[in-house]
Amino acid sequence: MANASELPPGAAPDWTIPQGWETYTPAEHAMWDRLFERQSEMLRPRVVPAFMEGLDVLRMTKPGIPDFDELNERLTRATGWQVVAVPGLVPDEVFFEHLANRRFVAGRFIRKPDQFDYLQEPDIFHDVFGHVPLLVHPVFADYMQAYGEGGLRAARLGMIEALARLYWYTVEFGLIRDGSDLKLYGAGIVSSYGESVFALDDPSPHRIAFDLERVMRSQYRIDDYQQNYFVIESFEDLLQQTRDADLGPIYERLRGHEPIAVGTLLPADRVLHAGTQDYARTRAGV
Ligand code: HBI
Ligand code: FE
């Protein structure tokens, strides 16, 4: 996933840079406000309630691009987390090291008007609006730290790819059960208008109960909406499944198995919704 390798000029050895909040232009603040308004309205009934609470607690409802110093006062008080600015993608081990120490890395740049709906590299709207509100939730906050710690161990074992899949299908594109309903919590979904609708309402994608080993074997796509989403029961359950898992035997089995292609259902899956896969098929032109 990450391919950053050389420390950019001006960055500290841990890849952080100053946010330089004073240098954002009125147009950049206005871009944040447009994205924020469209997304927060639409998300209210769709996102896990802890997300909206996080926006409130952090006063992210205040107009303009958040000033990390101000944001961190509230975030640190809530769960001991901090947001730090980085130039873009950072190497996996740098990323894990920050998470393991309760620091979330965020880009400082914001998308340009012609990228309103889609961009490849995560900007500050994805990183801060998408990821930071849930860091106020004590259990999710612990999950993110545990993920960083697991990442450092996985790096030593050559299993980063398995960890990247876990991140993808939870932190970025996770769904969570809410009674008989599903809600959004993944940052890649909640920072995207189109995918926020698609992930919950569209008949195309599979929705499968979260299973750690299954997820660690599952390939993902970075170029379009997901073909399968994995649904957790609760943040408590996610934290417990990942923290208490004996990853040694799981990694051994992963080494001996082919990865699972996107859009595939397995006999052992607990399927909540078997998708039609129509969207992916149409986009592929078949
Ligand atoms: N760097 N800035 C940034 N943001 C990420 O989300 C990120 C990264 N580097 C590595 C990475 N993610 C992933 O490859 C890890 O989850 C494996
Ligand atoms: Fe992200």
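The questions below take up a metal site, a sheet and some helices of this predicted model.

Colleague: Which residues coordinate the iron ion (ligand 2)?

Modeller: The donor atoms lie at 2.0 to 2.8 Å from the iron ion (ligand 2). Along the chain, the donors follow the spacing H-x4-H-x40-E.

Colleague: Is H29 buried or exposed?

Modeller: H29 sits in helix α1, residues 26–43. Leaving out residues up to four places away in sequence, H29 touches W21, Y24, G64 and I65. Buried means under 20% relative accessible area. The value for H29 is 17%, so H29 is buried.

Colleague: Which strands stand at the edges of the open sheet of five strands?

Modeller: The strand order is β4-β3-β6-β5-β7, with mixed pairing. Each edge strand has a single partner, so one side is left without a neighbour in the sheet. The edge strands are β4 (181–184) and β7 (271–273).

Colleague: In which sense do β3 and β4 pair?

Modeller: Strand β3 covers residues 175–178 and is joined to β4 over four bridges. D178 stands opposite D181 in β4. The sense of the pairing is antiparallel.

Colleague: How many of the residues of β6 are buried?

Modeller: N228, F230 and I232 point one way from β6, while Y229 and V231 point the other way. Residues on both of these sides are buried. The count for β6 is five of five.

Colleague: What is the bridge partner of I208 in β6?

Modeller: β5 and β6 run parallel and are joined by four bridges. β6 also pairs with β3 in the parallel sense, over two bridges, and there L175 has V231 as its partner. For I208, the partner in β6 is F230.

Colleague: What is the distance between the end C-alpha atoms of helix α6?

Modeller: Helix α6 has 20 residues, 138–157, and at 1.5 Å a residue it should span 28 Å. The distance in the model agrees with that expectation. The end C-alpha atoms are 29 Å apart.

How values were computed:
Residues are numbered from 1 along each chain as its sequence is written. Chains are lettered from A and ligands numbered from 1 in the order in which they are written. This is a predicted model: local features need pLDDT of at least 70, side-chain atom pairs count only at pLDDT 80 or more; totals for chains, interfaces and linings use all residues. Side-chain values use heavy atoms; hydrogens and water are left out. Donors are N, O and S atoms within 2.8 Å of the metal (3.2 Å for Na, K and Ca); water is not among the atoms, so sites may look incomplete. Buried means under 20% relative accessible area, exposed over 50%, partly exposed in between (1.4 Å probe, protein chains only). Contact means heavy atoms within 4.5 Å. Two strands pair if DSSP finds at least two bridges between them. The expected span of a helix is 1.5 Å times one less than its number of residues.
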